[in-house]
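Work through the exercises below with the model open beside you, and try each task before you read its solution.

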Amino acid sequence: MKWIFGLMIVAAVLFGLFSGNIDAVTNAAISESVGAVQLVVTLAGGLCLWSGIMKIAEKAGLTQKIASLLSPITCRIFKGLKKDDPAMQSISMNITANMLGLGNAATPLGLKAMQQLEEQAPVKGTASNNMIMMVVLNTASVQLIPTTVATLRLAHGSANPMEIIPAVLITSLLSLTAAVLAVKLFARRQPE
Amino acid sequence: MKLGNLIVPLLIALIIIYGLVKKVDVFEVFVEGAKDGLLVAFRILPVLVGLLTAIGMLRASGALDALTSLCAPLTRVLGVPEQVLPLALLKPVSGSGSLAVLENLLTQFSPDSYIGRVACVMQGSTETTFYTIAVYYGAVKTTRTRCTLPCALIGDAVGLILSGFVVRLLFGVA
């Protein structure tokens with residue numbers, strides 16, 4: 001992570017100097033840091049709401065039900081996790097929320113799963129294979145209904161805003177498969 | 001009344017009702033859970049300030065645009081129209097940025113054109129990879145992420161290449 005962060009900043013400053021965009025880079029540095037705080041403040045409401053709602057689902061035993069429903073898939077993807085592991089429940093709820101297109105609900109659930117996976121990680125501060133899998137599942141998330149895109153298509157006068165759903169599903173399922181396979185291959189080559 | 005708008009309130013109501021039936025003190029438990037949410041927000045803030053600033057600077061410097069023109073010959077071979085390339089490059093980095101590009105593309109080209117459809121499929125089928133990685137690892141303070149970024153980018157690349165292919169398969173090039 002330190003290399004990505006460093007490289008992005010150095011590249012931005014060097015490129016800005018050579019292309020004469022350095023003023024814009026300066027402005028971006030200031031405005032984006034403010035924007036990041038605004039983003040977290042915006043996110044905080046959703047994080048609190050969904051953490052609260054999901055706590056109710058958890059206490060009522062709803063999350064266990066969904067977790068056991070998804071367990072044939074999740075047990076195969078996440079190695080060494082039992083069906084009734086608390087991390088497994090958070091993972092299942094995260095996947096469910098992602099599929100419904102509820103990004104705001106999926107993030108807090110995913111973060112909770114990450115914390116639970118981190119407790120089981122063999123080396124602290126280093127991502128375990130299951131943690132990598134969890135993050136990759138979320139960077140390549142599968143959406144049943146791409147609501148934002150459909151709304152934009154409608155706004156621009158599409159005859160059929162929802163017609164792209166099959167194409168989106170096929171594409172995202174295949175890219176997800178590729179990412180999961182990549183993690184699996186890596187996990188086999190490099191033990192934790 | 002759109003289905004998308006109905007899902008959220010229905011889901012909340014269903015969970016609350018389920019909780020009440022199972023005799024859960026729904027408000028007490030809700031507040032307890034909401035506190036966890038606030039802690040998460042607090043923890044991801046410094047990480048997001050760092051990464052979003054770096055991404056914003058990179059975008060403003062014009063380096064991303066330069067990368068776009070550099071990649072143009074490659075995407076032509078893959079059958080992805082070069083007009084959607086800025087979207088493909090921006091999507092892993094910035095959700096709001098890529099949404100702005102999509103908005104721009106749909107103003108130039110009809111949403112029912114080949115370019116419009118490819119752009120929509122691309123936007124719908126991938127996530128903002130860097131942002132997701134930053135938030136997820138930020139929450140657990142993990143700094144050595146091993147193969148996370150390459151694996152996630154492999155998924156993104158497959159999505160990017162296939163979005164052109166799948167649209168051609170289902171709709172043709174018209």
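Predicted model: local features only at pLDDT ≥ 70, side-chain atom pairs only at ≥ 80, totals over all residues.

Residues are numbered from 1 along each chain as its sequence is written, chains are lettered from A and ligands numbered from 1 in the order in which they are written, and side-chain values use heavy atoms, with hydrogens and water left out.

**Exercise 1.** Describe the secondary structure of chain A.

Solution. Begin with the definition: helices (H or I, at least four residues) and strands (E, at least two) are DSSP runs, numbered from the N terminus. On this basis chain A has eight helices and zero strands, and its pattern along the sequence reads α-α-α-α-α-α-α-α. The C-alpha trace of chain A spans about 55 × 50 × 35 Å along its principal axes.

**Exercise 2.** Determine how helix 8 of chain A packs against helix 6 of chain B.

Solution. First, take the axes, which are lines fitted to C-alpha atoms, for helices over the stretch in contact, with angles from 0 to 180 degrees between N-to-C directions. Helix 8 (residues 165-189) of chain A and helix 6 (residues 114-125) of chain B have axes 9 Å apart, at an angle of about 50°. Next, classify the angle: under 35 degrees counts as roughly parallel, over 145 as roughly antiparallel, 65 to 115 as roughly perpendicular and the rest as oblique. Helix 8 of chain A and helix 6 of chain B are therefore oblique to each other. Finally, list the residues in contact (heavy atoms within 4.5 Å): A:Ala167, A:Val168, A:Thr171, A:Ser172 and A:Ser175 meet B:Cys120, B:Val121, B:Gly124 and B:Ser125.

**Exercise 3.** At what angle do helix 6 and helix 8 of chain B cross?

Solution. The axes of helix 6 of chain B and helix 8 of chain B come within 9 Å and cross at roughly 130°, and these two helices are therefore oblique to each other. Their contact includes B:Tyr114 and B:Arg117 of helix 6 of chain B, and B:Leu160 and B:Phe171 of helix 8 of chain B.

**Exercise 4.** Which helix of chain B gives the most to the lining of the second largest pocket?

Solution. Helix 3 of chain B gives the most, with eight residues.
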